[in-house]
Amino acid sequence: MKVQSFFLILLLPLLATGERYKVWVSTANIKHAGTDDPVRITVQETGGNFVHLGALDVRGRDDNERGSLNRFIFNKNIPDWLVGTGLRCITLHMGGDDAWLVKYVTISTSKFYEVFTNDSQTWLSTDRSEGTSILTLCN
């Protein structure tokens, strides 16, 4: 059994593909909609797997400001058999109390293109009087 596990560990990098997630984030164009606080994104693929993409932040750029449309690129090494053909949901995790109102998020890979809209106009913030710290959007 230990020999099989050893060979599986050796083979996993060979089975992994470099999947590129292109993420476009639109911030609402209303007063106080932008944020300087950290926001992380996780996606749930149609197969049920969760992929933690990372922070919606590009060093040296003022991201997620009022009325902005920002692009983020996440390269993930994922075994090909785990890469789904679409997304069920995305989850945004707010890291501070500077409220943020996301309008929509678009995500594409070589296998899919998905758009998630914040139709309920739910604000993100760790300050519970302003919004919720975690927002899940599903199609």
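Colleague: Let me start with Asp63: what makes it count as buried or exposed?

Modeller: Keep in mind that this is a predicted model. The relative accessible area of Asp63 comes to 5%, and buried means under 20%, so Asp63 is buried.

Colleague: And Arg61, which of the labels does that one get?

Modeller: Its relative accessible area is 32%. Exposed needs over 50% and buried needs under 20%, so Arg61 falls in between and is called partly exposed.

Colleague: Why are the side chains of Arg61 and Asp63 said to meet in a salt bridge?

Modeller: The distance from N to O is 2.4 Å. The cut-off for a salt bridge is within 4 Å, so Arg61 and Asp63 pass. The structure holds one salt bridge.

Colleague: What makes you say that the charged end of Arg61 sits over the ring of Phe72?

Modeller: That end of Arg61 is 5.1 Å from the centre of the Phe72 ring. The distance limit is within 6 Å, so the pair meets it. There is an angle condition as well, within 35 degrees of the ring normal, and Arg61 is listed as sitting over the ring.

Colleague: On to the cysteines. How do you know that a disulfide joins Cys89 to Cys138?

Modeller: Their sulfur atoms are 2.0 Å apart. The limit is within 2.5 Å, so the pair counts as a disulfide. Searching the whole structure turns up one disulfide.

Colleague: What do Cys89 and Cys138 tie together?

Modeller: Cys89 belongs to strand E5 (residues 87–94) and Cys138 to strand E8, so the pair links parts that are 49 residues apart in sequence.

Colleague: Why is the disulfide called right-handed?

Modeller: Because the torsion about the S-S bond of Cys89 and Cys138 is about 105°.

Colleague: Where do E5 and E8 sit in their sheet?

Modeller: They belong to an open sheet of four strands in the order E3-E2-E5-E8, with antiparallel pairing. Strand E3 (50–55) and strand E8 (134–138) are at the edges: each has a single partner strand, so one side of each lacks a neighbour in the sheet. On average, neighbouring strands here are turned by 20° against each other, direction ignored.

Colleague: How do you know that strand E2 pairs with E3?

Modeller: Five bridges join E2 (residues 39–45) to E3. At least two are needed, so E2 and E3 count as paired. Within that pair, Val43 stands opposite Val51.

Colleague: What makes strand E6 largely enclosed?

Modeller: Of the seven residues in E6 (residues 102–108), five are buried, so the rest of the structure largely encloses the strand. E6 runs antiparallel to strand E7 (residues 113–117), with five bridges between them. Thr106 faces Val115 in E7, and a hairpin of four residues connects E6 to E7.

Technical notes
Residues numbered from 1 in each chain as written. Predicted model: local features only at pLDDT ≥ 70, side-chain atom pairs only at ≥ 80, totals over all residues. Heavy atoms only, no water. Buried < 20%, exposed > 50% of the residue type's maximum accessible area, 1.4 Å probe, protein only. Helix = DSSP H or I, 4+ residues; strand = E, 2+ residues; numbered from the N terminus. Axes fitted to C-alpha atoms, helices over the stretch in contact; angles between N-to-C directions.
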